[in-house]
Amino acid sequence: MEIPLSRYQSYTLDQFQSECYFSALGSSGSSYFSGKGFVFGCGLRSKVRNWRNHFSLICCCSTESGIRRPKSSRIPYHEKVEPVLEDTQMRKPSFVGLCSEIEKLVLCNRYRDAIELFEILELEGGGRYVGASTYDALVSACVGLRYIRGVKKVFNLMISSGFELDLYMMNRVLFMHVRCGLMHDAWKLFDDMPERDEVSWTMMIGGLVDSGNNNEAFRLFLCMWEEFNDGSPHTFVTMIKAAAGLGLIQVGRQIHSCALKMEVGDDTFVSCALIDMYNKCGSIDDAYCVFDQMPKKTTVAWNSIISGYALHGYSEEALNLFYEMHNSGAKLDHFTISTVIRICTRLASFEHAKQAHAALVRHGFGTDLVANSALIDFYSKWGRMEDAQHVFDTMHQKNIISWNALIAGYGNHGQGEEALEIFEQMLRERMVPNHVTFLAVLSACSYSGLSERGWEIFQSMSKDHKIKPRPMHYACMIELLGREGLLDEALALIRTAPFQPTANMWAALLTACRMHENFVLGKLAAEKLYGMEPEKMCNYVVLLNIYNTTGRLKEAAGVLQTLKRKGLRMLHACTWIEVKRWQNVFLSGDKSHPQTEEIYQKVDNLMEEISRYGYTVEDDEALLPDVDEEEQRVLKYHSEKLAIAFGLINTPNWMPLQIMQGHRICRDCHTAIKLIAMVTGREIVVRDASRFHHFRNGSCSCGDYW
């Protein structure tokens, strides 16, 4: 990074001494220093070196003090003798003033200006007048800017000017190299240090961990342990982070044991690092044990344990912990609320998410970028696109994640035209799309059947945006071809792809074969999936149904034998609906619900009513559901129909129904729900394993293709 010097080229060195170049401080300059030391970003302990008060260096002019009239000299003018100064005598004060200005600029975090002045000083040959405090400030400036060239210049000037480096300054130089990623040079400096203290070792170990060299960090830690047999909390935090990076829980437990022996196990930072390490290593019980034993639970600790439970799939437990955190009086931050919103997205809990949204605004994070992006994603997945658009429009700042979430939301709900409109708006505002953006746009085109527009965007990826299409982008184009019934062209696209076909590509072809009843090509796609993902249950189910439908009973029996041999069992389809903040779960033919009698009577009434519009239960061979034979025997009482009946009974007539299920909706239920939405006048949103289905007035947003 080259720092331009044009700003200061018109100044002489004498001007820097006479002019106050630090007017930004003014009379209230002390506000910049409250709670701050002179050395920024350095974790060195104060016992290494005591520094003089640097506030005495600030010599800014103040209008409050007024301008004093200069006193006249008693010596007559004609008797004054002008001294003749050597060049070095004239320049020395200028260099000292320039060093002072550099230190002042760094105190105000004006690192770039400080580096510019340093380069002027270097060009003028003032290196021998630079003292320890100025070098200390320059280290902070280089670290703040991550200015690698500046690191080399500052260190070279130290060497060439003969500056004597004590232990403190050697640590500062080492810190500068480590933080700027110059680990090779840092290693050399560390090896050449005539004296090293615990700060030196910890700094070097931290640099290795930050650069991903966790094995070497442990080797160095063992050497340090042999020399000092001691470790600060910061050292243990670094080594716990290294254990998490390696994913070795046994090593992490050993570090935990050492921390307890050194009586730093109760340190807040050590405890938070341990919670994070146990989370990443898959031991949520150990993480909670550390959290539970903390004498004072900080916001960071709460956030870490909540996100740990959510990461391991314990979403309800994570939500309970959030309410426990709220009741404890702990301070919520934007990360807490963002995590809760993501948990609500997974649980499909609209009421809890609304409360999280309210908390976001109430605690002053209404404009937070991360939390609002999570809100857009949540509302999109709930089909509340008006709410998602409102959050997006009120954001003061938007990033690529915000745009992608909104585009994907419109696309997933069959609103392809709206998704394309947002994409074009994104390009007009000069936001650079990435591969996720194109995946969202192409998915929107495939879900809405916008074939021509989809192909234009697919071709523009590499041509106009220099983004190489990935397998998921190809899967969208295969689905576009499949929707139009161009199955041979879809197969050709798979075989001509510039990479090995993936499971998603074959799955897109299988969907097309199911919808167009091409069982020969469907068998090929199913067998490919069976070979690529032998442990994935749904592939066996689809293949079994295709064999049964085409009359290949011997092959179907072979699939069943394979399932028994592997110990796999087909689970019942499951559907759930949230009513009054309570999740109600239904299985096909389920009679365990307290309202079972009322629910079944409602289903019977609905089936009788929609039969007047031509509905009849489809025969088993036409269904091809992603369920087993038991599901087909209770076809009339599939879990979707039970959940919808329950929702109609327990919600007001104006409220849309939102149900979630872990399997692909079968053809019979799809037909029935379209008619139920028509006769009841209710909007019904179904999120199945394939996509969102918005049922309104006898039609579905998927266009009967899923």
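Are F423 and F438 buried or exposed? Hello everyone, let's start there. Both F423 and F438 are buried. Please keep in mind that what you see is a predicted model.

Now to the rings themselves. A pair of aromatic rings is described by the distance of the centres and the angle of the planes. The structure holds 18 aromatic pairs, and I'd like to show you two of them.

The rings of F423 and F438 make an edge-to-face pair, with 5.8 Å from centre to centre and 65° between the planes. F423 belongs to helix 21, residues 416-428, and F438 to helix 22, residues 435-448, so this pair ties together parts that are 15 residues apart in sequence.

Next, please find Y600 and Y637. Their ring centres are 4.5 Å apart and their planes stand at 35°, so this pair is tilted. Where do Y600 and Y637 lie? Y600 is in helix 30 (residues 596-611), while Y637 is in the loop between helix 32 (629-633) and helix 33 (639-650). The two are 37 residues apart, and their pair links distant parts of the chain. Like our opening question, this one has a burial side too: both Y600 and Y637 are buried.

Let's move on to a group of rings. Y288, F291, W302, Y309 and Y314 form one aromatic cluster.

My last stop is another charge over a ring. Here R687 lies over the face of F692, and the distance to the ring centre is 4.9 Å.

Definitions and conventions
Residues numbered from 1 in each chain as written. Predicted model: local features only at pLDDT ≥ 70, side-chain atom pairs only at ≥ 80, totals over all residues. Heavy atoms only, no water. Phe/Tyr/Trp six-rings, centres within 6.5 Å; stacked < 30°, edge-to-face > 60°. Helix = DSSP H or I, 4+ residues; strand = E, 2+ residues; numbered from the N terminus. Buried < 20%, exposed > 50% of the residue type's maximum accessible area, 1.4 Å probe, protein only. Lys NZ or Arg CZ within 6 Å of the ring centre and 35° of its normal.
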